[in-house]
Every structure is written in structure tokens, then in C-alpha cells.
Amino acid sequence: MNVAQQLVNGIIIGHAYALVAVGWTLLLGAARLVNFGHGQIYMVSAFIAWWVMSTTGLPYALAVPLAILASAALGAIMQRLFLRLTLSQDLVNLMIATLGFGQILEGAAGLAFGPKPETFTSPLQAIIFTLGPVWFTAQDTLTVGATILVFLGLYLVLDRTRFGAAVRMVAEDPPLVALYGIQISHVYISIFAFEGAAVAFAAVLIAPRTPILTSMGFEQVVMTFVVVVLGGIGSVGGSYIAGLLLGLFTTFFSALVSPAYTTASIFALLIAFMVLRPGKLAASGNFAR
Amino acid sequence: MKALPAPLRLFGLAALALLGFFLPRLLGGSSHVYDTFGMIATFSAMSYGLDIILSDLGEISLAHTAFFATGAYAAAILSVNDGQGAWVAMAGAVLAALALALVLGMITLRTREFAFSLVTYAAAVVCMNVAANWDFLGGSDGIVGIPPLTLSIGPASFSASQPPQFWPFAYLLLLLTLYVVHRFRRSRLGQAALMVHMNPRLASMCGLAGNQVRLLVFLVSAPISALAGWLYAFQRAYVGTDLFDTYFLVLMLTGVILAGRRLLLGPLLGTALLVGQKSFFSLGAYGDKLILGTVLVGILCFCPKGLANLWRRRSHAAVEK
């Protein structure tokens, strides 16, 4: 085994995990909401980029912002639909509704894009850097760099701006924030739009690595969930580190043990974490009734 | 409405059950009709497993596709690989589901709300991964060649290979499930579950161990979905990883929510509407997914208490006028 190469792969995949999960970190940490349609938004974003490139012939660099815009709109529409559930903090129904929304996206994508696996490529994939025994592509470099920028940006916005303060306030006590004169519905819609845009950004950077399928959303949520939980729910820095460590873990697990059982091993990791450090997941935490 | 005297009510129920049994024949009795009715009965039995968790315990388990699949896989392995009869397969399905529910119940014991849902969702994905990769479970090809369902009681033996022959079994399973759910809601455990759901503090002051109640309810609910899976395996003659498809999960959830929670016949009516659409007005696999998702989102956004509540509200309004 080329340890150095696996290390590099792990770092790249880890950044990819972190980027897919960044929207959820905000969603769960700041707004106490979950989105089971997350994986399907990832899938739809990848297909929008593919569709734009294959039908209009636009370059990858233009397909990326289009896919991000479309998914941000999707996230905003989704939250606008669910606003009543969100405002009444009906979290159980909200959770099921996001699952239903994911099902709508999957059905619609199947009708629009068909059942075949498709591929779309980024020109940056052809540029390969070699450093001694390891190699990586310019696309990998972009993924790592973009992830770091998104996390830094999110941290700064949450920590330093008025809007970030509003988001954190909404997480603590929505009715009080409304009394203070902040339109909480706008905050919620913005959070969902960010979640859509972030996962779309992740999809257009990462999906060129593998063929895309309309059924691929199902498993995406699991990795995101583990990243957010291991990172300490809602902690921006924590999610980044958790994503990175998880990337290294899965790379070495699939190289040394078995690629087929990677998801199962991640789940085992999650359970071990929950048993050892129940913290916020347990009934005694913030999320208990 | 005044309650009817007990014998009359029993007679009414028996008449209703008998009518239900002959319903597919009254609707033309074609193989397609029987097939649809068999599916409605099987899938609503599956939904009742989730109904107990969702309506009584107030949590959303996303692992019930795994229980459904566990029942189906147990039936397939025992009847194809080991050549066992349907009774043994049934016992295997229940035991396997109980074992899985015990493990999952212990893992999720201290989680609530979205944490509970996410862990159960992840568990279902892991089960699907294991089923797709483990040769013992048929890998990605699944297990084919499940023999026709044959149940023998003493000297009598009942066999089913065609939809019309299958219907009595599915219908019996449905009636049994309805009876179990009805009894559960009136049982000490059912009452305890509701109290733990509605007012956990009061429940613990009354001396109820919340976690124990949750675990027990989980153990009651899993075999219900597993038995539906057991029957579905014989109905379809093969099992595969498609049993874990979110379609089944969303079907269960929508079935429970569509008519209204904590209504005994709710999941049956909800499932009947959804399966009926798929069977008679299908728009293809993707179109049906789209419809299912739209129905679920629509109900939750505009009428979260279910269609029955809409009707109830209207009749209340009429009374007030």
C-alpha cells in the first residue's frame, strides 16, 4: 500500500465529506432543523450541472454557478413550503416532510433525466500534479481549497455579522427574536437556501469523480449525519475536523479491510461515539423534550 | 354516537370483516384486483408496525424497512436454502426481527426526535449495505426461487401461488395485525407509551421507566412489519436489496399520516389509496414516487392531522351551524 497516496486521498475525500455536510451543520446547529432531502438535493445539483453541460454545451465553469443557484432556489422553496411547520416548531412533521420532498425530487429527476448513470467532467480533472510517490488533480486541489474557504466564510458570517447573530438567536429562542423585530421566516429561508447552495457546490465539485445516478441520494445523508454528530452538533470547526478524520478513516478502512463495508464501519464508529460520549444526542441534551 | 351493546358490535365487526374478505370479488375478481388487494393488506400490515411507533410513541423510526426486509430475508433463507416450511420461516422472521429490534432499541435507547430518526435511518442504510455485500444474504442478486406459500394446520394444508389464492392469507394477516394493534392501544404498555410520549415527566412520576417502555414498544412493533415482509417474500417469490428502497419507507409514513394518526383503520385506508393509485393509475415508477412525495408533503403542509380530521372538522362545523 502506498501510504502517502492513501493519506492524500483521505485528505481529499475528507474535505469532500466536510463540504457536503457544511449546510447541515448550520441547519442542525443554528436552526435545530434537519433535512432528509439533503441527499436528493446533492443528486439533483449534479444532474443539473450534467444537463446544462450536455444540452447547452456551456462549460463547466458556467454550469457550476447555475447548479448552485438552482439548488439555493430549491432550498428556499422547500423552506417556504414548510414554513408553518417550522414556525410552530413541529419538528416531527417537518422531518417527515423533508423526506417526502426528497422523494419528490427523486421522482422528478427520474422523469427528467432517466434511469441511466451519467457522467460529467471538469477540465481540471485532466491536470495532474505529481509529487514524488503521490499524485492528485487540480480538481482535488480546488475541492480542498473551496472547502476551507466555505468553512472560513461560514465561521466569519456566523461569528462576526449581524445576520450571523440573527441566525444564532433564532436557534435559541425564535419567538423572542420575532418580538425583537427580526423576520424569522427570512432567516429560516436563508438558512435553507444556504443549505441547498452548499450541497450543490459540493455536488458539482465531487460528482465528476464518479458516475451519477438518480438513486444516489439515499446514502448521502448518512455520511453527513456522522460528520455533523462527530463534529459536535452545530460546531463549524468541529464539522471540518470530523469530515477530515472521517475521510482518512474511510480511505484506510477500504484499503486495509473492505471497501464494501465502509458505511457499516462508519455506523459502528457513530455508535461507539454515542455510547462513549452521549452528550447532545442523549435525552439529557438540548434536544430532549 | 352511543356505543352499541357488545354482542351487536361483535356481529357488526364480523359482518364487516366478511364484507372485506369478499370485496375483491365484488370489484370484479380479476387477478389484478386480487393482486392489488393482497398488496394493500401486506403493505398496510407493514405500516402498522411503524404506526405504533409514530402514533403512540411519537417518534419516527426510519428502520422499519429493515424490519420488513428482515422478515422477507428470513423467510427466503429458511425456505430456499434450508428447505423449511412456511411456519418455520414465520418463526424465523419474527425472531430475526426481534433480535434486530433489540440491538437497534438498545442503541437508540437514549436518543430522541431527530437523533432517533437519523440513527434508525443510518441503520437501515447499513442493513441494505450488508444485504448487498454478504453472500449469505444473496448479495446484490438477492435470493430467488422462493416456493409457493404452503401452510399446514394438522391434516389440512393451504397453498397459494396465484393472487386469488394468496388473498385469504394476506387478509388474515391484516385482521391479525388490526387485532394486535387494537389490543396494544388498550394494553398497559400502550397506555404507558402514550404517557411517555405526551408527558414524560408525569410518566416518570407515575413510576414508568421511559426507556423500558420505548424498548418494549419497539419490540412489539418490529415483528408486525417483519410478518408483512415474510408474506411479501412468498408473494413475490424473491427478495433483494430493493426491499430497503425509500419508496417503502415513504409509503409506510404516508400510509400512517394520510388518513390520520391513532385511528385504527387509518394506515389501512392510507395504504389502500396509495397502492390503489399505483396499481390502477400508475404513472411509472418515477411518476409514482413523485405522487407519493407530493401527497406526503401536501398532507403535512396543509392538513397535518390527516384526511379524517378534515372530514371531522367539516362535520363539527355543520353541527355548529
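Helices α5 (113-133), α10 (246-259) and α12 (284-302) of chain B each supply at least two residues of the side that touches chain A (helices are DSSP runs of H or I, at least four residues, and strands runs of E, at least two, numbered from the N terminus). The largest share of that side, 15 residues, comes from α5(B).

The model is predicted: local features need pLDDT of at least 70 and side-chain atom pairs count only at pLDDT 80 or more, whereas totals for chains, interfaces and linings use all residues. Residues are numbered from 1 along each chain as its sequence is written, chains are lettered from A in the order in which they are written, and side-chain values use heavy atoms, without hydrogens and water.

The count of salt bridges between chain B and chain A is 1 (a side-chain nitrogen of Lys or Arg within 4 Å of a carboxyl oxygen of Asp or Glu). The side chains of K289(B) and E106(A) meet in a salt bridge with an N to O distance of 2.9 Å.

In chain B, strands β2 (residues 149-153) and β3 (residues 156-160) pair in the antiparallel sense over 5 bridges (pairing requires at least two DSSP bridges). L151(B) stands opposite F158(B) in β3(B). The hairpin of β2(B) and β3(B) has 2 residues between the strands, and G154(B) takes a positive phi near 60°.
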